[in-house]
Amino acid sequence: MKTKSSKKIFAVTVIVVTAVLGVVGWFVLPDQVVTQVGFSGEAATRSPKFFALIIPFLLSVGLSLPYVNTEEENKKIWLALLGPVLYIITFIVNI
């Protein structure tokens, strides 16, 4: 079983990496960010940059913090990595 301190370190690391990617995205991405790509490879949906950057951050925070506070072994912590993965996909599609 993982200790509470190792859980906390992992959760904080995920949140910090997600925050850093969000700040980088704020300066690198255009004002309208492609959030959905159609089958033809063209942009299907665009969103304001703020929403495209805040949603992955909130996902990472929302999925990391409960992991730290539980006593049981929770395998779903890897879902917290969804935030950084969404940022990377957003960077690839928009840059």
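Modeller: Start at Val33, which sits in strand S1, residues 32-37. Strands here are DSSP runs of E with at least two residues, helices are runs of H or I with at least four, and both are numbered from the N terminus. This is a predicted model, where local features need pLDDT of at least 70, side-chain atom pairs count only at pLDDT 80 or more, and totals for chains, interfaces and linings use all residues. Residues are numbered from 1 along each chain as its sequence is written, and side-chain values use heavy atoms, with hydrogens and water left out.

Val33 has a relative accessible area of 0%, so it counts as buried. The cut-offs are under 20% for buried, over 50% for exposed, and partly exposed in between, with a 1.4 Å probe and protein chains only. Leaving aside residues up to four places away in sequence, Val33 touches Thr45, Arg46, Ser47, Lys49, Ala52, Thr90 and Asn94. Contact means heavy atoms within 4.5 Å.

Follow one of those partners, Thr90. Thr90 belongs to helix H3. Its relative accessibility is 13%, so Thr90 is buried too. Along the chain, Val33 and Thr90 are 57 residues apart, yet their C-alpha atoms are separated by 7.8 Å. Outside its sequence neighbours up to four places away, Thr90 touches Leu29 as well as Val33.

Now take the helix pairs. Two packed helices are described by the angle between their axes and the distance between the axes. H2 (residues 49-69) and H3 (residues 82-94) pack at about 155°, with axes 7 Å apart. The axes are lines fitted to C-alpha atoms, for helices over the stretch in contact, and angles run from 0 to 180 degrees between N-to-C directions. H2 and H3 are therefore roughly antiparallel. That label needs an angle over 145 degrees; under 35 is roughly parallel, 65 to 115 roughly perpendicular, and the rest oblique.

The contact list includes Lys4, Ala11, Ile15 and Trp26 from H1, and Phe50, Leu53, Phe57 and Val68 from H2.

Phe10 lies in H1, residues 4-28. It is partly exposed, because its relative accessibility is 25%. Beyond four places in sequence, Phe10 touches Ile77 and Trp78. Its C-alpha is 8.5 Å from that of Ser64, 54 residues away along the chain. Phe51 is placed in H2. At 46% relative accessibility, Phe51 also counts as partly exposed. Phe51 and Gln32 are 9.9 Å apart, C-alpha to C-alpha, across 19 residues of sequence.

Finally, the whole chain. The protein has three helices and two strands, in the order α-β-β-α-α from the N terminus. Its C-alpha atoms fill a box of roughly 45 × 30 × 15 Å along the principal axes. Of its 95 residues, 29% are buried. Among contacts with a separation of 6 or more, 63% join residues 24 or more positions apart.
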